[in-house]
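Biologist: I would like to learn how to read a model such as this one. Please take me through it step by step.

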Amino acid sequence: MRSPQIDDVLIRRLYDRARAERWHLPIGVLAEALHASATRRFAGEDPGAHELEKYLESLHLEDLAVACACATGNDAAWEHFVREQRPLLYRAADVLDPSGGARELADSLYADLYGLKDRGGDRQSLFGYFHGRSSLTTWLRSVLAQRHIDRLRAQRRVESLPDDEAAVAPATSSGAADPDRLRYAALVERALQRAVSRLDARDRLRLACYYAQDLTLAEVGRLLREHEATVSRHLARTRQALRKDIERELRVGEGLGEAQVADCLASVVEDAGPIDLGRVLGTGEGGKESGRDRSMGRGEGRRGHQA
Amino acid sequence: MDTKREGDRSFERLLRQSLRSNAGSALTGGCLDAETIAAWADGSLNQRDRAVAEAHASECARCQATVATLMKMSAAPPAPDPWWRRRLNLGWLVPLTAGAIAVAFWFALPNPPSPGLSDKREVQSRADESAKRQEQSGLARSDAPLVQRQQPAAPAEPLAPRQQRAAPAATGRNESKEEREGAIPTRRAKRDERPASAPAQLKEADALEKAAPAAAPTAAVVAGNAAQSSVGRRDQAAALSAPAVAPAREIQSPDTSVRWRFGAGGLVQYSIDRGATWEGLSTDFVADLTAGAAPSSSVCWLVGRAGTVLLTTDGRRFARLPFPESADLAAVRATDARTAVVTTADGRTFNTADGGSTWTEAPR
């Protein structure tokens, strides 16, 4: 992979802006980090000098300098980093688990950041993956979130077997009670999957963030750079489109009549249990309220997120 | 209508269950790295990269969950204060003390030699003449007496009596008679309207603060251009006399459309439209901020309690700078992003010429 060439004058200017001197960071170390960042950003591209400069200027340079200094083992930088970031990281961990259980995960990050793993004499620090594209604080939160999700997913894989068995039983009994429901559920499930897959990526993400990930309208809005009201409007529009799409799919694709389509949807929306997609996560009842009810943010009854 | 709404809710329920379960199963591989997700959450991805990230996350359960978790973390409320701070939270004493000091000054200061009597008469006579002219020309058709028609001007400036006491010393009689009498509705409104020079603005800000040190509940506008030394003196004086943190203060850059507002608990807000709208900035610092200086539209220095010095060079992202003392800081003067002079609450000054990396205490 060809590394974009960065002018020495630009590197010096960025070095000054990063205030890297306070950590006695050799300019070469920062230059290397800048090269790595640019290489990663412009992989396979040949950016013009202006574009490259614009990108480098947009980096969180001070954070990058701290990360580089910490990675090289600078005590002052490390002290600064711990003093500034530890409370924020703990606060983030407490969001994941208010009982304090996620702090252990946060603590384990420090070991990786410090770089305890020596390979051939080189300290492999997690800081090496930070290229200044975001603030150091958000990056740390992101790493913490990723590890938390991975841990949850791993736990689910281990614990899924008994849940699977438990989930199958009621579905079977429900199906035995009403054979049409199973057929209807399968039809709706298929139609829904097709309809969702036909959605625009942004609509699909908005829908998933709101319904699957339990984000509030405001949080979805912040992620997608939309106003809360716009998110709500888009969600309503997407729901309508999905419903129409499913009905058309049932009519045209499955050959159902109007009355059958109505019966089909009525039986499934009343109790989506027979669709039984919930067994993968084992998510229970009492999920999302209506969009109107949740537009004000998180209340006391905030549920844990679904991975 | 109700049936339609009920149908919509039922459909929402279906979506919730099926999407949640799908979210657990889909994993596309080639996941977004932590930094891309962080940059996305920070809003620093360009349009193309954001579209790629959105497209991936719309199909990848892991990235979707990570992004969602990150958004929840970012929206987390600040950690509660420790028990001892909660118990000793005496913040309510601040306005009370300030109010008591103001009242004490009110009674302690000698009465100025009738600063406005002749002026009052002059304004009154002018108003009378004006009203007479209006009546003569048939414009004033109200049956209400003249005094009543003039009344709105008087209560529009409730601070006027206090300002009459303090203004002569504070302003050096720079203000017009109409202003002291309250004939002009508010000095603040006038200041906002008038494209005054920076020193003039500063004098007015000084006068306003000295005249009503505790009663100014809103932000004190400070011109943050070349006359930063005056800002420092004003801030220093204000902070030394009343170390309590004002509810919110405002500084503006030489480009007057760019402004910052700061205050207690690390509050920092940013405006690029002359204060019409404000954007809250996340500084992740909780110290009370007491003073600021903005030598340019992208550079802003803020200082506060416990040696807090914050600096932004892009207008939005503030970084905390190391400071050799944990003393409360009362004022800051700055000429650019590298050079600044900070004054502590006990009157010592510290200089930096390298953007806050090193500080030198100035001899007294």
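Biologist: Over which residues of chain A does pLDDT stay under 50, starting with the stretch that has 16 contacts beyond four places in sequence?

Modeller: This is a predicted model. Where pLDDT is low, the predicted coordinates should not be read in detail. In chain A, that stretch is residues 162–176. Residues 295–307 of chain A also stay under 50, and there the model has 25 contacts beyond four places in sequence.

Biologist: How are two packed helices described?

Modeller: By the angle between their axes and the distance between the axes. Here, helix α10 (residues 217–224) of chain A packs against helix α4 (residues 61–74) of chain B at about 110 degrees, and the axes are 10 Å apart. Angles of 65 to 115 degrees count as roughly perpendicular, so α10(A) and α4(B) are roughly perpendicular to each other. The crossing is right-handed.

Biologist: Which residues meet there?

Modeller: From α10(A) come A:E219, A:R222 and A:L223; from α4(B) come B:V67, B:M71 and B:K72. By class, this contact has three nonpolar and three charged residues, and no polar ones.

Biologist: How many helices and strands does chain B have, and what share of its residues is buried?

Modeller: Chain B has 13 helices and 13 strands. Of its 364 residues, 38% are buried.

Conventions. Residues numbered from 1 in each chain as written. Chains lettered and ligands numbered in written order. Predicted model: local features only at pLDDT ≥ 70, side-chain atom pairs only at ≥ 80, totals over all residues. Axes fitted to C-alpha atoms, helices over the stretch in contact; angles between N-to-C directions. Helix = DSSP H or I, 4+ residues; strand = E, 2+ residues; numbered from the N terminus. Parallel < 35°, antiparallel > 145°, perpendicular 65-115°, else oblique. Left-handed = near helix turned anticlockwise from the far one by under 90°. Contact = placed C-beta atoms within 7 Å. Nonpolar A, V, L, I, M, F, W, Y, C, P; charged D, E, K, R; others polar. Buried ≥ 20, exposed ≤ 12 C-beta atoms within 10 Å, placed from the backbone. pLDDT = per-residue confidence, 0-100.
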